[in-house]
Amino acid sequence: MAKALLARYARRISMPDLSIHPTGRLTPGQIKTDVLSGLTVALALVPEAVAFAFVAGVHPLVGLYAAFLVGLITAVLGGRPGMISGATGALAVVMVALVAQHGVEYLFATVVLMGILQVIAGALHWGKFIRLVPHPVMLGFVNGLAIVIFLAQLTQFKVPGSGGQEWLSGGPLMLMLGLVALTMAVIWLLPKVTRVIPAPLAGIVVTAVLVIVFGLDTPRVGDMASIQGGFPSFHIPAVPFDLETLRIILPYAVILAAIGLIESLLTLNLVGEMTGQRGGASQECIAQGTANVVTGFFGGMGGCAMIGQSMINVKSGGRTRIAGVVAALFLLSFILFASPLIELIPLAALVGVMFMVVIGTFAWNSLRILFKVPLIDAFVIVLVTVVTVYEDLAVAVVVGVIVSALAYAWNNARRIHAKSYVTPEGAKVYQIQGPLFFGSSEGFAELFDVAGDPGTVIVDFADSRVVDQSALQAIEAVAAKYEGAGKRLQLRHLSRDCHRLLSKAGHLMVDSDDDPDYALAVDYHVRTGILGGH
């Protein structure tokens, strides 16, 4: 018996897919493409990580270490080969208040707890609930994130001034815009000529060479901050291990874990649609959690999936785990050895790459279909887009799902109706059509003519389903009205799931002592007074 139980349990446990290539085939050409794509991603990661570190109020190396560690671990363990993770702005805007009030050590402790919560979510397979996100919410998420990425790049058009950050103007602005346009042009034109190297990498190289050779005066990576540093070292967060610390960090950890998983799982779905891959949600949760636990102990600010860098990787041809690993290792090499060279790269080149990501990420077809889809779906697309831009991703997705769910419930609530006829025996049959649940329970009660019906009434559920407690309450309330009028109510053609629900509640009564062989056509009497509704 014990062996049988262990065998059943073992069959339910499946090892995560850690294959390098999603199809199992790896060619020299794919390896070369992934290495070059990883280099492109690493170059784009540098200003993003530094900028998000500034947003969170921590040293730039805290953001760079997070980009390296989170990117490396999720590349190896994640649920979608080719997806890129690192320090993100969605998390940074939540961290800034914690750092300002309690310091960076509390941030490290929060990142560790955040990772533990994400591992728990993955172990409990909560990642599958991302399937409940409707397509209009996905479109709004993509559009909103594209706008956020675009707005984030505008900060690169500012330089330090007497009154703080000031916008570029005149010649410097024209030069910056010209270099951005040059980068975008190379990215757009190169694939029409050759695909030997990723177009974004070529765009960065061409623009950087032009700026360095001619000594053009334009903002560079080094103007943001120095990226030189050592290898991240193990560091236990210097916070008291007591309930007071837990009280401080737990709310932040929950919020960060939720935002990180939502952004990661939505990016997982988006990359999956582009590469034809499926599954991996729970594995991605565990990978993100593991990465954040490790990052918290190595002085990083934590992170999650990055849609912009993931799009760069996918559009550059990156399809395997090699691309993500190489990107992380290149980023570490920049920190350790190549910081003087990387700091010479003009920001305009990286802005041009990100602008092309924005163009490729925004769902332009959503503008065309706004007037073709149902009005509520169009509203959800716009709503999620706006909330993503003005609030944050997690709030936008939750709002979009709630609005979509309410719209679905309302539409189904209006579907319930009934056809009726009288049998030769004199019983009146109500053929219910449409689901019976909390939204339609009031409409269900209005279908019956208690005063005018004969002594026996049969409710036929062949074209309906009894869904929830509100449905049980509605059935009992109708039965109680017929009982009070001295009439008899019977239920017929219950589906097996409806039969189990009503049986568990104790509503069904049959003539025999038990019902060992349930038959769909059996007429059941309804026991009233169970839920107390009349």
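These legends describe close-up views of a predicted model. Residues are numbered from 1 along each chain as its sequence is written, and side-chain values use heavy atoms, with hydrogens and water left out. Because the model is predicted, local features need pLDDT of at least 70 and side-chain atom pairs count only at pLDDT 80 or more, while totals for chains, interfaces and linings use all residues.

**View 1. Phenylalanine 234 stacks on phenylalanine 297.** The ring centres are 5.7 Å apart, with 20 degrees between the planes. Rings of Phe, Tyr and Trp (its six-membered ring) pair if their centres lie within 6.5 Å; planes under 30 degrees apart count as stacked, over 60 as edge-to-face and the rest as tilted. The count comes to 11 aromatic pairs. Phenylalanine 234 sits in the loop between helix H9 (221-224) and helix H10 (243-275), and phenylalanine 297 in helix H11 (residues 281-297), 63 residues apart. Helices (H or I, at least four residues) and strands (E, at least two) are DSSP runs, numbered from the N terminus. Phenylalanine 234 is exposed, at 54% relative accessible area. Phenylalanine 297 is partly exposed, at 24%. Buried means under 20% relative accessible area, exposed over 50%, partly exposed in between (1.4 Å probe, protein chains only).

**View 2. Phenylalanine 437 and phenylalanine 438 form an edge-to-face pair.** Their ring centres are 5.1 Å apart, and the planes meet at 85 degrees. Phenylalanine 437 is buried, with 8% relative accessibility. One aromatic cluster is formed by Tyr430, Phe444, Phe448, Phe461 and Tyr482.

**View 3. Glutamate 244 and arginine 247 make a salt bridge.** The closest N and O atoms are 2.5 Å apart. A salt bridge is a side-chain nitrogen of Lys or Arg within 4 Å of a carboxyl oxygen of Asp or Glu. Both residues lie in helix H10, 3 residues apart, about one turn of the helix. Glutamate 244 is partly exposed, at 41% relative accessible area. Arginine 247 is exposed, at 52%.

**View 4. Aspartate 453 bridges to lysine 428.** Here the closest N and O atoms are 2.9 Å apart. The pair links distant parts of the chain, 25 residues apart. Aspartate 453 is in the loop between helix H18 (441-445) and strand S7 (456-463), and lysine 428 is in strand S6 (residues 428-433). Both aspartate 453 and lysine 428 are buried. The count of salt bridges comes to 2.

**View 5. Leu266 and Met301 touch the most other members of the largest nonpolar core.** This core has 117 residues. Its largest share, 14 residues, comes from H10. A nonpolar core is a set of buried Ala, Val, Leu, Ile, Met, Phe, Trp, Tyr and Cys residues joined through side-chain atoms within 4.5 Å. Beyond residues up to four places away in sequence, leucine 266 touches Ile130, Val133, Met138, Phe141, Leu393 and Val397. Contact means heavy atoms within 4.5 Å.

**View 6. Glycine 272 is found in helix H10.** Glycine 272 is buried, with a relative accessible area of 6%. Leaving aside neighbours within four places in sequence, glycine 272 is in contact with Arg80 and Gln277. Tryptophan 410 is 138 residues from glycine 272 in sequence and 32 Å away in space, C-alpha to C-alpha.
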